[in-house]
Amino acid sequence: MIVVMKPNATEKQIELVCTQIREMGFQPHPIQGVERTVIGAIGDERGREQLQGLALVEGVEAVIPITKPYKLASRELRKERSVIKVGNLEIGAPQQFVVMAGPCSVESEEQILEAARCVKAAGANILRGGAFKPRTSPYSFQGLEKKGLEMLDTARRKTGLPIVTEVLGAEDLDLIAEHADILQIGARNMQNFQLLKAVGRTRKPVLLKRGMMSTLIELLMSAEYILSQGNPNVILCERGIRTFETQTRNTLDLSAVPVLKQLTHLPVIVDPAHGTGVRSLVPTMSKAAVAAGCDGLMVEVHPHPEHALSDGAQSLNPDEFTKMMQALQPYLALERRSLHSAAAVGA
Ligand code: PEP
Ligand code: MN
């Protein structure tokens, strides 16, 4: 249910409504809008009728049901776009655009530093790199784990770029949260509900990638797991889904962007590297993603893709990435967006 407060409702009245929501066994999620506060009352659907009684409480204008199953993620609850802060960056702000770039995996200190310097020089504002890797084969490179996280720390210290890196399992979460600015939940883990709840208990920004066989509603329900634990900092990522097509690794579902923009207030970014699996397609699909209205991109860039330990075929080299970033400029201008300049973490 949404409890809509009157525009002139006092802090005290809002607090009182929150207490009453708690007493009825629901969680209050107040959202301060420009004009008024609305309070999401979230919990077991079965007892929701009793919330209707709040309509008579002082300061309350109306009590309205949320029809969608993804309550906190829905635009019914929150009309304004969510803006997720990462250091000085604002992800989801309508006129801004973020680019997360870097290798699929952290492979060595030299590799991640070279990648970090080149993506920063080309205009990227967040460094990506996996230290814990979800691989189809147990015999493939699994990532440098803790050592990889320390190399990411060094790269952040030397370039000022914030770090996004994947959390494979809840057992590694505390360690990764010490090093990462954004926690990535990979496609294969989109419905690992224990992991979603665990990152939901932190307040770190979470990049939630769409499962390769998941619908957009399922993606939003997974976001809801994180939000319902009290972490509002969720960024959604379209990274391609499995279809019968074999010329691309996945089918990048760009219609996901406008659909999600209609359904949710959360920011949406696009990953054309995993979405296509083919380096030569990444710049074109990045332009198309900008035109579709996304808030940012995640791109794989490797100093020497031919030697990459994972996903070399879809990774751009520094030169290609620099050219792509330049080619994106007119498309960003058409969308009235501009790239955040690379910002120092926590500065
Ligand atoms: C990745 O970002 O390197 C990755 C493994 O992505 P996904 O979970 O989308 O496959
Ligand atoms: Mn990858």
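The model is predicted: local features need pLDDT of at least 70, side-chain atom pairs count only at pLDDT 80 or more, and totals for chains, interfaces and linings use all residues. Residues are numbered from 1 along each chain as its sequence is written, chains are lettered from A and ligands numbered from 1 in the order in which they are written, and side-chain values use heavy atoms, with hydrogens and water left out.

**Stop 1: strand 11**

Select residues 206-209, which form strand 11. Strands here are DSSP runs of E with at least two residues, helices are runs of H or I with at least four residues, and both are numbered from the N terminus. In a regular strand the side chains alternate between the two faces of the sheet. On one side of strand 11 are Val 206 and Leu 208, on the other Leu 207 and Lys 209, and all of these are buried. Buried means under 20% relative accessible area, exposed over 50%, and partly exposed in between (1.4 Å probe, protein chains only).

**Stop 2: the strands paired with strand 11**

Two strands count as paired if DSSP finds at least two bridges between them. Look for Ile 185 opposite Leu 208. To get from strand 10 to strand 11 the chain passes through helix 5 (residues 193-201), in a right-handed β-α-β crossover. Right-handed means that, with the strands pointing away from the viewer, the path from the first strand over the helix to the second runs clockwise.

Next select strand 12, residues 234-238, which pairs with strand 11 in the parallel sense over 4 bridges. Here Val 234 is the bridge partner of Val 206. Helix 6 (residues 216-228) sits between strand 11 and strand 12 in a β-α-β unit that is again right-handed.

**Stop 3: Ile 84**

Go to Ile 84 in strand 5 (residues 84-86). Ile 84 is buried, at a relative accessible area of 1%. Apart from neighbours within four places in sequence, its contacts (heavy atoms within 4.5 Å) include Pro 205, Val 234, Ile 235 and Pro 267. Lys 204 lies 120 residues from Ile 84 in sequence, yet the two C-alpha atoms are 9.8 Å apart.

**Stop 4: salt bridges**

The structure holds 17 salt bridges. Each is a side-chain nitrogen of Lys or Arg within 4 Å of a carboxyl oxygen of Asp or Glu.

Select Arg 210 and Asp 253, whose closest N and O atoms are 2.9 Å apart. Arg 210 is buried at 5% relative accessibility, and Asp 253 is buried at 16%.

Then show Lys 71 and Glu 45, which meet in a salt bridge of 3.6 Å, N to O. Lys 71 belongs to the loop between strand 4 (60-64) and strand 5, Glu 45 to the loop between strand 3 (37-42) and strand 4; they are 26 residues apart. Lys 71 is buried at 11% relative accessible area, whereas Glu 45 is partly exposed at 39%.

Move to helix 10 (residues 318-334), where Asp 319 and Lys 323 are separated by about one helical turn because they are 4 residues apart. Their side chains form a salt bridge of 3.3 Å, N to O. Lys 323 is exposed, with a relative accessible area of 53%.

Finish at Glu 35, Arg 36 and Glu 61, which are linked in a network of salt bridges.
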